[in-house]
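Keep the structure open beside you and follow along.

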Amino acid sequence: MTRAARRSGSVYAVFAGVLALLACLLPPLTATAAERYASVVMDAGTGEILYERNADDLRYPASVTKVMTLYVTFAALSDGSLKLTDKVTISPRAARQPPSKLGLRAGDKITVEQAIFALCTKSANDVAVALAERVAGSEAKFEKRMNERARKLGMSKTRFVNPHGLPDPRHVSTAHDLALLSRAVQRDFPKYYSYFGAQSFTFRGHRIRNHNGLLGQAPGVDGIKTGYTRASGFNLAASGVRDGRRLIVVVLGGRSPRSRNDHVAALLDAGFAVLRARKTDKPLTIAGYLAGHGGEATPVSDETATAMGDDDETDAGEEGEEDVGVETPAPAPAVTPAAVRETKARAKLEVRVEAGAWQIQVGAFKKRSDANAALKDVRKRFRAQVEGAAESVSSGGGWHRARFTGLSEDAAGAACEALKARKLPCLVLHG
């Protein structure tokens, strides 16, 4: 064998070894919902883990990444190197980021505070890059700060390679690590944590709603961040306070926004029930509570998911993050008669889904009778806004959620605006 051949074989062996190592360390992009699922319930006051499922297994954090982006930003605000009124310039690279985004052009400027709101509510990828560049001078330097902070916080299995969480096989974390991060941002920056609780943000005359559907709906929930890519499934780190105690729940790999939200709400109910039971020396576990209240152990299926599939951007409905390279577009499919027919059929399906696939939730109640009463009250007071909608009560996790279904997107949005103008709770849902 020649020296060149031996050298080539050696390089191939090293390369093959690296690929094998990555295959062992990283979850597959084609993982099923069950393989993507992970969860943890943490007592924020003590750090005690009350419940966990696959909590230390590597997962894709998606936009929950932005909690660390904001942690690093809050650190800069705290040490005086950054001010809320400072300007953030949108670079060409930032402007090129895929959705979810504000859609700013290169050269546009916003304040640091506007950038924070955009990340907490819209989960804007263009703003995440621009803010990283403003805080650290470059995206690469910012990523270094993110990983340094992660190590200091004990996030031993986390590696960040971007500030937004868009797909990259190297960009991984765990449910446990993300709970540590959520606890740290509350503990270290209580002054700024409240940004995560903003239910909306007005930018250039447009009201942008927070993707976290539990805000204002689940008792005590005051933050913190959603995330979605096709590889990750639907993620949510949530935190809430009841009876003076705070819990953190992280769920990764949900099948849909609804099943994920319902599961997080159920875990919060269970966690607080466990804390209450301890005061009376009654043995209770979260798993036991879920089993007794009809909660799901793993929310990997959802009967309300649309026929378009959970990885479709329109079905995602909240993050809209695309499972593509940031600057490498996917090749266009071949145009054949069969493809044309399929496209037309899909377009018709999308029209049918869009026309009546939206709904609004007008409250969550412990008693089903209260949910029915709320539906009747809203029907009576807002007859025009919910005309033609069907009444529905979705039960799970010990809660009964009062909803009007079968609305168009515009009708659902208008109805919620009307209710909120009267200081009534309302949440727009898709699917």
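This is a predicted model: local features need pLDDT of at least 70, side-chain atom pairs count only at pLDDT 80 or more; totals for chains, interfaces and linings use all residues.

Residues are numbered from 1 along each chain as its sequence is written, and side-chain values use heavy atoms, with hydrogens and water left out.

Now for the big picture. The protein has 15 helices and 13 strands; helices here are DSSP runs of H or I with at least four residues, strands are runs of E with at least two, and both are numbered from the N terminus. Of the 431 residues, 51% are buried. Buried means under 20% relative accessible area, exposed means over 50%, and partly exposed is in between (1.4 Å probe, protein chains only). The accessible surface comes to about 19600 Å², and 54% of that belongs to carbon and sulfur atoms; these areas come from the Shrake-Rupley method with a 1.4 Å probe, and for residues only the protein chains shown count as cover. Among contacts with a separation of 6 or more, 68% are between residues 24 or more positions apart, where contact means heavy atoms within 4.5 Å.

Let's settle on helix 3 and look at its partners. Two packed helices are described by the angle between their axes and the distance between the axes. The axes are lines fitted to C-alpha atoms, for helices over the stretch in contact, and the angles run from 0 to 180 degrees between N-to-C directions.

How do helix 3 and helix 7 cross? The axes of helix 3 (residues 66–78) and helix 7 (residues 139–152) come within 10 Å and cross at roughly 95°. The two are therefore roughly perpendicular; under 35 degrees would count as roughly parallel, over 145 as roughly antiparallel, 65 to 115 is roughly perpendicular, and the rest is oblique. Helix 3 brings Met68, Thr69, Tyr71, Val72, Thr73 and Ala75 to the contact, and helix 7 brings Phe142, Arg145, Met146, Arg149 and Ala150. Sorted by class, those residues are seven nonpolar, two polar and two charged. Ala, Val, Leu, Ile, Met, Phe, Trp, Tyr, Cys and Pro count as nonpolar, Asp, Glu, Lys and Arg as charged, and the others, Gly among them, as polar.

Helix 8 (175–188) is another partner, packing against helix 3 at about 25° with the axes 10 Å apart. That makes helix 3 roughly parallel to helix 8. Val67, Met68, Tyr71 and Phe74 of helix 3 meet Leu181, Ala184, Val185 and Asp188 of helix 8, a set with seven nonpolar residues, no polar ones and one charged.

Then there's helix 6 (residues 125–136), whose axis lies 11 Å from that of helix 3, at an angle of about 35°. Lys66, Val72, Thr73 and Ala76 of helix 3 touch Asn125, Ala128, Leu131 and Val135 of helix 6. By class, that contact has five nonpolar, two polar and one charged residues.

Setting aside neighbours within four places in sequence, Thr174 is in contact with Ala55, Asp56, Asp57, Leu58, Lys157, Thr158 and Leu252. Thr174 and Arg59 are 115 residues apart in sequence, yet 5.6 Å apart in space, C-alpha to C-alpha.

Most residues other than glycine have a negative phi, and most peptide bonds are trans. Asn54, in the loop between strand 2 (49–53) and helix 3, has a positive phi near 55° and is partly exposed at 33% relative accessible area. Asp281 has a positive phi of about 60° and sits in the loop between helix 10 (257–279) and helix 11 (286–292), where it is exposed at 71%.

As for peptide bonds, a cis one joins Pro99 and Ser100, with omega about 5°. Another cis bond joins Gly223 and Ile224, with omega about 15°, and Ile224 lies in strand 7 (residues 221–229).
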